[in-house]
Amino acid sequence: MHGDSPDLQVILMTCPPDQAEKILLALLERRLVGCGNIIPLVRSRYWWDGQICSDDEALVVMETTRDRLDALYSAIPEVHPYSVPKVVALQPSACGEPYVQWLRAVTRPA
């Protein structure tokens, strides 16, 4: 059954491709996310220091719960090489309840 899932948060984060595995593993070990998917190569274009820049990055899509967001946002700068990492949380309108229950269970500190 699909229903409201205000607890589930989908996190989008970009990083250097060679850092994605390390960053995701660090967040998983801290139980700040339940899982993550690495899309190894995306082209990012962005403003930085008054110029339009272009870089190859990895896109990491992760899931967590709302109550773990603050800890996740605090931890990312500790493991991410960028001074301003892109970290965006999205709240799905619905999700299967078994998945949400699993996510709640695995994101609790051990």
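How do β2 and β5 pair, and over how many bridges? They pair in the antiparallel sense, and the count is four bridges. Before I go on: this is a predicted model.

Let me stay with the sheet. It is an open sheet of four strands, in the order β3-β4-β2-β5, with antiparallel pairing. The edge strands are β3 and β5, the latter being residues 87-90, and each of them pairs on one side only. From one strand to the next, the twist averages 25 degrees. In general, strands of a sheet pair through backbone hydrogen bonds, either parallel or antiparallel.

Now the helices. Helix α1 covers residues 20-29, and its buried residues are A20, I23, L24, A26 and L27. These cover an arc of only 160 degrees around the axis, so they sit on the same side of α1. E21, K22 and E29, on the other side of α1, are exposed. What do the buried residues of α1 pack against? The partners are β2 (8-15), β3 (35-48), β4 (51-65) and α2 (69-79). After α1 comes R31, with a positive phi near 60 degrees.

α2 lies across β2, β4 and β5, and it runs at about 165 degrees to β5. Helix α3, residues 97-106, lies across β2, β3 and β4, at about 95 degrees to β4.

Next, the core. The largest nonpolar core has 19 residues, and those touching the most other members are M13, C15, L27, V60, M62 and L72. At least two residues of this core come from each of β2, α1, β4 and α2. The general background is that in soluble globular proteins, nonpolar side chains tend to be buried together.

T65 is in strand β4. Is T65 buried or exposed? Its relative accessible area is 1%, and the cut-off for buried is under 20%, so T65 counts as buried. The side chains of T65 and R108 are joined by a polar contact of 2.9 Å. Not counting residues up to four places away in sequence, T65 touches D7, Q9, L103, R104, T107 and R108.

That is the end of my part.

Technical notes
Residues are numbered from 1 along each chain as its sequence is written. This is a predicted model: local features need pLDDT of at least 70, side-chain atom pairs count only at pLDDT 80 or more; totals for chains, interfaces and linings use all residues. Side-chain values use heavy atoms; hydrogens and water are left out. Buried means under 20% relative accessible area, exposed over 50%, partly exposed in between (1.4 Å probe, protein chains only). The arc is that of the directions from the helix axis to the C-beta atoms. Contact means heavy atoms within 4.5 Å. Two strands pair if DSSP finds at least two bridges between them. Axes are lines fitted to C-alpha atoms, for helices over the stretch in contact, and angles run from 0 to 180 degrees between N-to-C directions. A nonpolar core is a set of buried Ala, Val, Leu, Ile, Met, Phe, Trp, Tyr and Cys residues joined through side-chain atoms within 4.5 Å. A polar contact is a pair of N or O atoms within 3.5 Å; within protein, one must be able to donate a hydrogen and the other to accept it, and residues adjacent in sequence count only if both atoms are side-chain atoms.
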